[in-house]
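Hi,

Here's the model I said I'd pass on.

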Amino acid sequence: MFNEVKKSIQWGEETLTLETGKVARQADGSVIATLGETSVMANVTFAKQPREGQDFFPLTVHYQEKYYAAGKVPGGFFKREARPTEKETLTARLIDRPIRPLFVSGFKNEVLVMCTVLSHDLVNDPDIVAMIAASAALTISGAPFMGPIAGCRVGYADGDYILNPEVDDMHDLRNNPEQRLDLVVAGTKNAVMMVESEAYELTEEEMLGAVTFAHAQIQPVIDLIISLAEEAAKEPFDYQAPDISELYAAVKAAGEAKLVEAYKIQDKQDRTTAQNEARAHILESLTEEQREDINVVQAIKKLEASILRGDIVKSGKRIDGRALDQVRPIVCETGLLPRTHGSALFTRGETQGLVVTTLGTGDDEQFIDALHGNFKSNFLLHYNFPPYSVGEAGRVGPPGRREIGHGKLAWRALQAVLPAATDFPYTVRVVSEITESNGSSSMASVCGGSLSMMDAGVPLKAPVAGVAMGLVLEEDGSYGILTDILGDEDHLGDMDFKVAGTENGITSLQMDIKVAGITPEIMEKALAQAKAGRLHILGEMAKALTEAGDFSVHAPRIETMQIPTDKIREVIGSGGKVIREIVEVSGAKVDINDEGTIKIASPNGEAIQKAYDMIHAIVAEPEEGAIYTGTVVKIVDFGAFVNFFGKRDGLVHVSQIENRRLNHPSDVLKEGQEVKVKLLGFDDRGKVRLSMKVVDQETGEEVKQEKKEKDDA
């Protein structure tokens, strides 16, 4: 019944298996990839005809984590998987980016790639397994895909690169000082296609070494996919890339001169207007048959790319007149918004970000329900890209894949320099509002985020800056590497290479390639040129702010205290009664975790101190030999009980009240009276023994008994 094909290799410390022919047999390509006990099913389907009038390549990649894969039931009211999580969205992008450039040029049929996590062993991250499964499914589907690709994750600890480190090791690098890198690399047999990383100030040499290591490690996986395809691949889809040479010649003759003039205009809005007019002129000049050709958009784009790219490689000049390694003018401002905790406006050319920082308490931490477990995050970065930032009147909706991806890139760049939670017990939320965009708004978010957090008083380990690099690679092998690319250079170039970091090293690296990969030589030069650009931007940022500023008066103050875990129940009280009373009486917000760390937050220092004193009174233990002020709560024949330490009572025996014999304690004491006592110790049953007679009741100072007896004599 099944025409099953299964292939396996030993990859690192685990066995990698690819199997097809048993499940989802109506899909064009279906592969289940298993690494350890993590399994992902990838299914590929593609339309055999393009939609009428389709002028772009409609590739859709979905990645779904099923909670049953880890033996969990989804949270929420409906108890089922719903909208994609941030991890699912980011992984879908991770798969999309390296496979999209490898479809045959001109292919416009709809393609759907669906990756479903079936099993998760909580050791091997399913994102890498999903990428491999998707590549294998595409390779056997018959679609015009020039793969296969493979991917892997690389860690870096103690000077060694680690292939596919465990999920727990990569979960929170900020609290794992041994691990300095979380790098995902995807590539073909001959070249690297995609890089995504979170790093802790790695040098350019260390980062390049990690990418090179990763490319070597994916070679056996590519061979495994080829081996599977040799036995299980379907017949290649009969697709011939359209010959647009005649159409391109007509487009070039009709509008090359106007487009050349349009690209000489440096202002983005004026240039966009001139480009649109030139495109309209081209369409008017073509015949009706040529205008209706679905490849006319491709021909016009090819002409625009030729104009932009030719000048770069031949003359070393760009459309805005800059040299290849020149950064646009930068203006940095901080403290713009008086009621926010921190704010910055970062402007680089025609790209601008208004970035705002808010400091919160433990109650503001984000709760994340992930496949490998539940955890909290105290650093959030949200990126918004409204239509007005590019002069458009588009629809506004919830964050899309682009917003989530760019926000996560900036998050990775900045989280490496955050102070430890024990040193800075705040929840930090950074929001980047892109107010203008003409290339590399994500790196503007990094620069603005760094300035905004310092303006809010966050003691960053070092300022962080980011720069987007581009590439123009010609067929003859000549190329130009561009620093701080414009939007047009991104759209019509061959690479988007974003590097963020401090003066000491790289904290984040993201690379997307639109050609069939780049060589290590090009990447090495791009990293070196990016470092120079990054240092220049850091210098411009330093003109506005170089270190953490003063706290805003509107930001909460947070004090932390550590208590023994066996005292947590006493602080919380039955049903939370005690902690609610502390909050109501003090006016401060109190948060306590399972490790006994208590965060007390309030803009009012007196409220924090009051809450601290109340908690301290509950959890602290009285010290033997110390003197306390207490209140008589009960008088009995043999002495008086005094409340002297929080809710702790102790007995002052009648012989310890005064240096004379008393008939009854009530001779000198009454309930509610304030007295000063010394803690003598504890008896065999743990009862507290107190003394009044060794303490001067007026001054509170201890009375030396030996001297007292001599005076009486």
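Before the notes, one convention: two strands count as paired if DSSP finds at least two bridges between them. Strands (E, at least two residues) and helices (H or I, at least four) are DSSP runs, numbered from the N terminus. This is a predicted model, with local features needing pLDDT of at least 70, side-chain atom pairs counting only at pLDDT 80 or more, and totals for chains, interfaces and linings using all residues. Residues are numbered from 1 along each chain as its sequence is written, and side-chain values use heavy atoms, with hydrogens and water left out.

Let's start with the sheet towards the end of the numbering I looked at. β23 pairs with strand β24 (residues 597–602) through four bridges, in the antiparallel sense. Across that pairing, Asp591 sits opposite Lys599 in β24. The whole thing is an open sheet of three strands, ordered β22-β24-β23, with antiparallel pairing. At the edges are β22 (557–562) and β23 (589–592), each pairing on one side only. From one strand to the next, the twist averages 20°. Helix α16 (residues 605–619) lies across β22, β23 and β24, at about 150° to β24 (axes are lines fitted to C-alpha atoms, for helices over the stretch in contact, and angles run from 0 to 180 degrees between N-to-C directions; contact means heavy atoms within 4.5 Å).

Then there's a hairpin. β18 and β19 form it with five residues between them, and Gly477 in the turn has a positive phi of about 95°. Strand β18 (residues 465–473) runs antiparallel to β19, joined by five bridges, and Val472 faces Gly480 in β19. Four of the five residues of β19 (residues 479–483) are buried, where buried is under 20% relative accessible area, exposed over 50% and partly exposed in between (1.4 Å probe, protein chains only).

Helix α13 (residues 520–542) has 23 residues and spans 33 Å from first C-alpha to last, close to the 33 Å expected at 1.5 Å a residue; the expected span is 1.5 Å times one less than the number of residues. Its buried residues include Ile522, Ala526, Ala530, Gly533 and Ile537.

Thr347 counts as buried because its relative accessibility is 16%. Its side chain makes a polar contact with that of Gln352 at 2.9 Å (a pair of N or O atoms within 3.5 Å; within protein, one must be able to donate a hydrogen and the other to accept it, and residues adjacent in sequence count only if both atoms are side-chain atoms). Leaving out residues up to four places away in sequence, Thr347 touches Pro329, Ile330, Val331 and Gln352.

Cheers
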